[in-house]
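Biologist: I'd like a close look at the aromatic rings, please. Take it slowly, I'm new to this.

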Amino acid sequence: MKAFLLFFCIFFSGMVVFPQAAKKTVNAIPVNEAVKVDGVLDEIIWKSAPVATDFIQREPYNGKAATFSTEVRFVYDNSGLYIGATMFDPHPDSIPAQLGLRDATSLNADNFIFVVSPFNDGLNAFCFLVFASDVQSDFKLAADREDDFSWDAVWLSKARKNAQGWVVEMKIPYSAIRFPIKPIQEWGINCQRQVRRFREVDTWNLVDSKVSGYVNQSGRLEGIRDIKPPLRLSVSPYLSGYLQNSPGEHEYDFSYNYGADLKYGINQSFTLDMTLIPDFGQVRSDDKVYNFSPFEIQYDERRQFFTEGTELFNKGGLFYSRRIGSEPKGYGNAESECKTNEQVTDNPNQTKLINASKISGRTSGGLGIGVFNAMSANTWATVRDTVTGVSRRILTQGFTNYNSFVLDQNLKNNSYIDFLNTNYFMPTEGYTANVTGTSFKFANKKYTYAFIGDGFISQKYYSHDAPELGYHYSLTYGKIAGNFRFNYAQLLETKTYDPNDMGFNPINNRFNNTLSMQYNIYEPFWKVLNWYNFFQVSYKTLYDGFRYTSFEFYLESNTTTKKHLSMGVYTNFSPVESHDYYEPRVDGWMYISPAYGNFTYWISTDYRKKFALDLALTGYLAPKIKSSAYGLNIEPRYRISDRIMLLYHFYFENILNDVGYVDTMTATPGNPDIYFGRRDRQSITNILEANYMITSAMSIDLRARHYWVSAPYYSFSILRPDGTLEPASYPNDPDVNYNLFNIDLTYIWNFAPGSQISVMWKNAINTFDHDIEPDFARNFGRTITSPASNSFSIRILYYLDALYFKKKRSSEIAKLSGQGFD
């Protein structure tokens with residue numbers, strides 16, 4: 001009864017929107033003496049600097065005073081900002097300090113984060129994180145977009161335990177951030193501390209859980225004035241070498257690459273980034289899967305140049321960087337264009353980038369400007385006549401130019417409006433694709449309600465044909481603060497809207513209407529720390545004729561107990577049949593998909609323990625066609641020590657009596673035979689990850705993945721024009737038995753700021769056939785004994801800062817002057 005009354009009080013208090021807390025202010029003071037970043041705040045200047053203290057809990061008791069005291073001080077000179085943070089702790093021997101490689105984000109260790117928004121716009125921020133184990137990480141925050149953990153800057157830090165707790169000392173060079181050109185700076189900042197053993201997160205300026213956003217709840221850093229930042233110019237040349245072989249080959253081919261990344265500070269606010277002859281051979285292998293669906297699968301971007309500093313471009317699905325340097329558009333033409341007695345001897349599966357560059361920054365008026373350009377060279381396949389021995393080349397993709405341009409204006413109330421344009425040009429084909437539009441967010445003064453949307457026009461021009469135009473818009477209005485939140489969203493895309501030459505949009509020709517509601521309890525009550533609840537209902541049609549496609553519900557609820565056990569359940573279901581216009585793969589045809597329901601239940605144990613477990617159970621049921629599914633996801637992790645971590649991931653899914661597309665055959669024009677089949681789809685994924693930290697700057701990482709999917713078909717049908725299925729026979733064997741096996745073994749040594757030596761072995765096996773082996777062990781044995789491709793590589797990257805050479809030259813001149821030379 002008490003728990004019910006407590007919940008009743010919390011529920012109705014959540015209907016009230018509380019005003020944001022007053023913003024704290026702290027001053028930075030100038031320093032003339034050298035500050036050594038060693039984790040010991042023994043310079044005299046630290047005693048004179050004002051203190052940012054009185055931290056407040058963000059989690060678990062939002063708004064209450066922090067358990068332990070924290071003091072942060074700021075000093076600056078013409079090269080950068082220095083931060084000295086003291087995290088008091090009466091039991092320093094109890095501070096966890098797991099080691100990890102640079103850019104780790106989830107170590108079992110206390111940490112401190114300095115968050116700075118130099119334009120104080122409440123939208124964008126740079127974040128600098130240091131763990132108590134002296135591991136460094138950095139990332140960016142941007143409103144309404146995912147945190148950018150791929151961003152890397154060159155900065156200094158040192159963490160050190162002492163009798164009072166632990167200390168972090170940082171130097172953030174002005175070259176690492178962007179700030180307005182004006183004599184007096186006023187930056188939005190926050191400082192965050194995590195006490196890992198209590199799972200407590202404290203911030204200097206209150207971050208109210210009931211208020212949407214993080215950067216907009218920053219305090220202010222004042223006092224920085226009349227700084228004269230030095231030249232911002234750095235070059236990171238690289239040299240890499242490869243030994244590689246292809247499946248079935250015993251001899252290894254040697255190759256080498258060289259190039260450079262360049263960064264030039266046009267001024268304090270704008271930066272030019274350029275990569276010349278880039279090399280991405282050491283990028284981690286993709287977790288590829290077999291695609292049964294009619295839609296393209298989106299894979300993560302892991303190439304650093306395309307993940308770092310691209311947040312201005314990643315809006316509205318217009319910029320999918322994996323289009324750049326991707327598979328040539330005419331990759332499959334090499335086989336089809338072979339003449340009698342010819343065979344393909346070489347067919348590159350990636351276009352070769354010549355260079356890529358971007359200019360980005362923000363004016364003092366809050367206008368962000370981004371310009372991106374990349375070029376890829378002609379890509380050729382080679383075919384050879386087996387009789388004459390004569391070889392010739394086939395162009396699979398001509399020279400291609402990629403452009404993106406963005407204007408992003410910050411507005412009051414943490415709002416913004418953007419102008420975006422992408423342009424794709426392939427002159428050999430006489431083809432141009434252009435997408436232009438805008439996105440925006442307008443919030444009220446209290447930042448409790450917001451109107452969010454975007455609109456784009458796609459244009460495709462062919463030298464020999466009429467242009468093809470399409471458009472898209474999405475609009476969302478809702479309440480964005482408080483315990484209770486809601487929004488209504490509408491999305492429309494025409495049948496011809498296509499941003500996919502540079503963007504990612506797997507579905508067009510749609511008109512979606514969605515109502516979402518959530519009720520969240522952020523304060524601990526009863527036996528839980530929080531409780532999040534979400535409900536959504538959507539009604540979807542095609543844009544073309546506004547024909548019905550689906551009516552679906554989605555519900556989710558999750559919580560974390562006071563013993564730090566997280567758990568949740570979510571379900572989505574359709575109480576009526578859906579009309580699927582995509583699965584048939586033929587324009588104008590539709591498959592009537594039955595009503596269905598599925599659910600997932602998951603738990604996650606406390607990661608502070610040496611052993612932790614993530615577990616998920618899934619189920620699916622479509623009664624009308626007697627289809628069902630069940631799945632199991634198990635992810636145990638074991639921290640052997642602060643240096644060694646093991647993680648295993650097992651995923652199993654079995655879909656029984658699944659119905660899906662098989663093939664299209666056209667006996668007479670305009671009258672296709674679209675075959676569907678019943679199958680049992682089973683997939684098993686095993687992933688083993690091991691990490692050994694030799695030091696905080698040196699590690700060995702192993703990642704091995706085996707993915708197996710099988711789908712035996714046992715009956716076939718032909719799709720009728722009314723969307724139903726008629727039993728039929730199918731002449732071919734569509735059974736699927738697909739295996740992927742990858743090993744990535746990497747040694748990394750960050751031997752200096754921004755500099756790295758990496759050695760990598762990549763092993764890849766890819767098999768596909770129609771012969772399904774039901775026994776897992778025999779299938780796995782058959783896979784790992786199949787022909788494999790191997791790649792051994794070493795890469796050396798060295799960071800060169802023009803400021804270092806300038807100081808060195810000044811020092812040499814000073815020495816010569818002291819010896820009496822002019």
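Modeller: Start with one aromatic cluster, made up of Phe535, Tyr539, Tyr548, Phe551, Phe553 and Phe573. Rings of Phe, Tyr and Trp (its six-membered ring) pair if their centres lie within 6.5 Å; planes under 30 degrees apart count as stacked, over 60 as edge-to-face and the rest as tilted. Keep in mind that this is a predicted model: local features need pLDDT of at least 70, side-chain atom pairs need 80 or more, and totals for chains, interfaces and linings use all residues. Numbering runs from 1 along each chain as its sequence is written, and side-chain values use heavy atoms, without hydrogens or water.

There are 56 aromatic pairs in the structure. Take Phe179 and Trp187: their ring centres are 5.8 Å apart and the planes meet at 45°, so this pair is tilted. Phe179 is buried, at 1% relative accessibility, and Trp187 is buried at 1% too (buried is under 20% relative accessible area, exposed over 50%, partly exposed in between, with a 1.4 Å probe and protein chains only).

Now hop to Phe484 and Phe486, whose centres lie 6.1 Å apart with planes at 35°, so they're tilted as well. Here Phe484 is partly exposed at 24%, and Phe486 is partly exposed at 27%.

Some rings also have a charge over them (NZ of Lys or CZ of Arg within 6 Å of the ring centre and within 35 degrees of the ring normal). Arg681 lies over the face of Phe292, 4.4 Å from the ring centre, while the charged end of Arg795 sits over Tyr238, at 4.7 Å.
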